Amino acid sequence: KNVNGVVINFVDLSAINKVELELLGMQKEKDDILDSFSGAILYYNPQFEVIWANRVAFKVLDVDASQLIGRKSDAIWRDYFISDTSCPAINAAQRGQTSELVAKGKDGIQWRLTTTPVVGKKRTLKAIVQFIREAD
């Protein structure tokens, strides 16, 4: 039997589009807030790779996004700071508490690094946040 015809399904995408627009707005708002800080902010995943950084971080470390996103915290520590201590992101995560130290950058500036592990339920590491600003 020959059947001729077309089946057309209509799906209302307006609710999905509305949620997408709201999420984009929230992302933009988050970026605006974090970019308004005068210090650098680095956000690492549990494998200590940079997954997000504010504009100041790119300026402080004198890199663009392709050179920073995905980079390991210990490589950043080794390449941009002069210190005998080990990587503060790894140290803070291992201790499970915020650490603060002052280290000289290879630019000659004294930087204050405040590094905080972000933990979930059952104290599992979810991320690490690091603030870098000029030391007083």
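Start with the pairing. Which residue in β6 is the bridge partner of V119?

Analyst: The bridge partner of V119 in β6 is L125. Before going on, note that this is a predicted model: local features need pLDDT of at least 70, side-chain atom pairs count only at pLDDT 80 or more, and totals for chains, interfaces and linings use all residues. Residues are numbered from 1 along each chain as its sequence is written, and side-chain values use heavy atoms, with hydrogens and water left out.

Now the strands. Helices and strands here are DSSP runs, numbered from the N terminus; a helix is H or I with at least four residues, and a strand is E with at least two. Strand β5 covers residues 110-119. Strand β6 covers residues 125-134. These two strands pair in the antiparallel sense over nine bridges. Strands count as paired if DSSP finds at least two bridges between them. β5 and β6 form a hairpin, with five residues between them.

Look at the turn of that hairpin. K122 has a positive phi of about 60° there. R123 lies in the loop between β5 and β6 as well. R123 is not a glycine, yet its phi is positive too, about 60°. Most residues other than glycine have a negative phi. R123 is also exposed, with a relative accessible area of 57%. Exposed means over 50% relative accessible area, buried means under 20%, and partly exposed lies in between (1.4 Å probe, protein chains only).

β5 has a partner on its other flank. Strand β4 (residues 99-105) pairs with β5 in the antiparallel sense over six bridges. These two also form a hairpin, with four residues between them. In its turn, G108 has a positive phi of about 90°. A103 has W111 as its bridge partner in β5. E100 stands opposite T114 in β5.

Stay with T114. Its side chain makes a polar contact of 3.4 Å with the side chain of E100. A polar contact is a pair of N or O atoms within 3.5 Å; within protein, one must be able to donate a hydrogen and the other to accept it, and residues adjacent in sequence count only if both atoms are side-chain atoms. T114 is buried, with a relative accessible area of 11%. Not counting residues up to four places away in sequence, T114 touches residues including T98, E100, V129, F131 and R133. Contact means heavy atoms within 4.5 Å.

Move along β5 to T115. T115 is buried, at 0% relative accessible area. The side chains of T115 and Q130 are joined by a polar contact of 2.9 Å. Beyond four places in sequence, T115 also touches P88, A89 and A92, among others. Just after α5, G96 takes a positive phi of about 75°.

In β6, look at I132. I132 counts as buried, at 1% relative accessibility. Apart from neighbours within four places in sequence, I132 is in contact with G39, A40, L42, F81, W111, R112 and L113. I132 and E100 are 32 residues apart in sequence and 9.9 Å apart in space, C-alpha to C-alpha.

Where does the hairpin sit in the whole sheet? Six strands form an open, antiparallel sheet in the order β2-β1-β6-β5-β4-β3. β2 (50-53) and β3 (81-82) stand at the edges, each with a single partner strand, so one side of each has no neighbour in the sheet.

The structure holds one cavity of 30 Å³ or more. A cavity is a set of points, on a 1 Å grid over the protein atoms alone, where a 1.4 Å probe fits but cannot get out; lining residues have an atom within 4 Å of a point. Grid points are joined across faces, edges and corners, and the volume is the space filled by probe spheres set on the points. The largest cavity holds about 40 Å³. Its lining includes P88, A89, L113 and Q130. α4 (73-80) and α5 (88-95) are the elements that give two or more residues to this lining.

Notes. 1 Å grid on protein atoms, 1.4 Å probe; cavity = no way out; pocket = protein on both sides within 12 Å on 5 of 7 lines; lining within 4 Å.
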